[in-house]
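The following exercises concern the chain shown below.

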Amino acid sequence: MGRQCIIELICSNLTFPFAIYIKEQNMIKRNIFGLIAILALTSVPAWGQANPCNPCNPCGGKKNACNPCDPCNPCGGKMAAPKLVSVNPCHAKFGTVFFVADSMRRDQVTFLSEAPLEDIVGTTNEISGYFAFNPDRPKDGIRGFFTVPVKSLNTGIPLRNEHLQSEMWLNAASNPNITFVIESVENVYLTKRAAGSMTYKMMLVGPFTVNGNTKQLRVPARITYLQESDKTRKKKPGNLLGVRATFELALADFGITDPTGSDIIGVKVGKTVTIEVKAFASDMKPTAGNPCNPCDPCNPCGGKAKNPCNPCGP
Amino acid sequence: MKPLIAIAGVITIIAIGLWLATGVHPYTKFEDVVQEETPIDADDPFAEAGFYDEDETITQVVTRDVFYFGFLPTPQSIMDKHALSVSSVVIPVWLVVGVIAIVRRQASRQIRGSSA
């Protein structure tokens, strides 16, 4: 009865091996719940992992020991704000430059794929870039540049994110960013004008790059300009620009095709995906007004309580 | 063998029950990225300026912490919580039962053979 057996199993997708070591065969009979306990212990998941992609719960529910009191910087600076992109001097000539780089991550790019088997929603808040134009005379021209890191796209399933970033799809290693350069503007018309605000609808035209493939796109957008006021300061400092755009991308146009031998596009992933962009830019560079720590507007004094620059006091 | 089969049965019932109770999702998920309608904030200066149409339905994509015990696992590594699913729990359990049954049968044959 002292026979020992080792059972090693590989689960259905061959990625979940676990072993059960049973010393005594009688153990099973004596302890009905023993096997359940062993199974539970051998499949202990990595609970409580931090979730840097979730702005509502960036620390995975754990109070961060580094900086537990700062809601703007709950992960002790580990969740970096989108990087400021440098402005093309040729673009800057077109008027005021409005920067998109929200450390609070309120800007959002989403993609929606609708296919017979599955609808996929993905999102990122890591959008950075700029708009250069004269709000009073947008027909004179608009220039701009936007970039989104492929690695920041989140579909809610880590394995799917990994596939999305892989060579077969967006190839994040070789082409880390999705970019859009605004080179011209068409069909500009004013939809609403009020004191200190203007809203335009227009077609933004320029090269859109995904997966290392570039295609000229015409993106319908709505742009609202707001002069700085007490109300706007609650959102962001400076004169503000809100940008909304919705457009469709055909995956084949950007060299995204089915992995060899599979039939995923059209069945599990739509042949076209709908992209929605909502961003709020400001003509005040995010660095302005934060002499202590120009990189982080949420933590202007770098967490140093006794810093004389600390606007919140000691 | 009966206790083993009973345990496997209980685990199967629990797994399928959990799958049904958490919404019969194909994959195990711990966060959900969903598009949902959001009301326009009346105090939003952009809303007043015509950033949204008056009759427009505004949607926003939100990431929520959830738990869906799916039918299929989506693990990135061995010790990944996304490895939990109906198939990755139930199939190994029944494989264990099957292997133990085979080993026992062979052992009892050997005992019978040696005693004969």
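**Exercise 1.** In this predicted model, which residues in α1(B) meet which residues in α3(B)?

*Solution.* On the side of α1(B), the residues are B:Leu4, B:Ile5, B:Ala8, B:Gly9, B:Ile11, B:Thr12, B:Ala15, B:Ile16 and B:Trp19. They meet B:Val86, B:Val89, B:Val90, B:Val93, B:Trp94, B:Val97 and B:Ile100 in α3(B).

**Exercise 2.** Determine how the two helices are oriented relative to each other.

*Solution.* Helix α1 of chain B covers residues 2–21, and helix α3 of chain B covers residues 86–115. They pack at an angle of about 170 degrees, with their axes 9 Å apart. Angles over 145 degrees count as roughly antiparallel, and therefore α1(B) is roughly antiparallel to α3(B).

**Exercise 3.** Compare the span of α3(B) with its expected value, and list its buried residues.

*Solution.* The helix α3(B) contains 30 residues, and the distance from its first C-alpha to its last is 43 Å. This is close to the 44 Å expected at 1.5 Å a residue. The buried residues of α3(B) are B:Val86, B:Ser87, B:Ser88, B:Val89, B:Val90, B:Pro92, B:Val93, B:Val96, B:Val97, B:Ile100 and B:Ala107.

**Exercise 4.** Describe the chain as a whole.

*Solution.* Chain B has 3 helices and 2 strands, arranged along the sequence in the pattern α-β-α-β-α. Of its 116 residues, 43% are buried. Its accessible surface comes to about 6200 Å², and 61% of that belongs to carbon and sulfur atoms.

Definitions and conventions. Residues are numbered from 1 along each chain as its sequence is written. Chains are lettered from A and ligands numbered from 1 in the order in which they are written. This is a predicted model: local features need pLDDT of at least 70, side-chain atom pairs count only at pLDDT 80 or more; totals for chains, interfaces and linings use all residues. Side-chain values use heavy atoms; hydrogens and water are left out. Axes are lines fitted to C-alpha atoms, for helices over the stretch in contact, and angles run from 0 to 180 degrees between N-to-C directions. Helices (H or I, at least four residues) and strands (E, at least two) are DSSP runs, numbered from the N terminus. Angles under 35 degrees count as roughly parallel, over 145 as roughly antiparallel, 65 to 115 as roughly perpendicular and the rest as oblique. Contact means heavy atoms within 4.5 Å. The expected span of a helix is 1.5 Å times one less than its number of residues. Buried means under 20% relative accessible area, exposed over 50%, partly exposed in between (1.4 Å probe, protein chains only). Accessible areas come from the Shrake-Rupley method with a 1.4 Å probe; for residues, only the protein chains shown count as cover.
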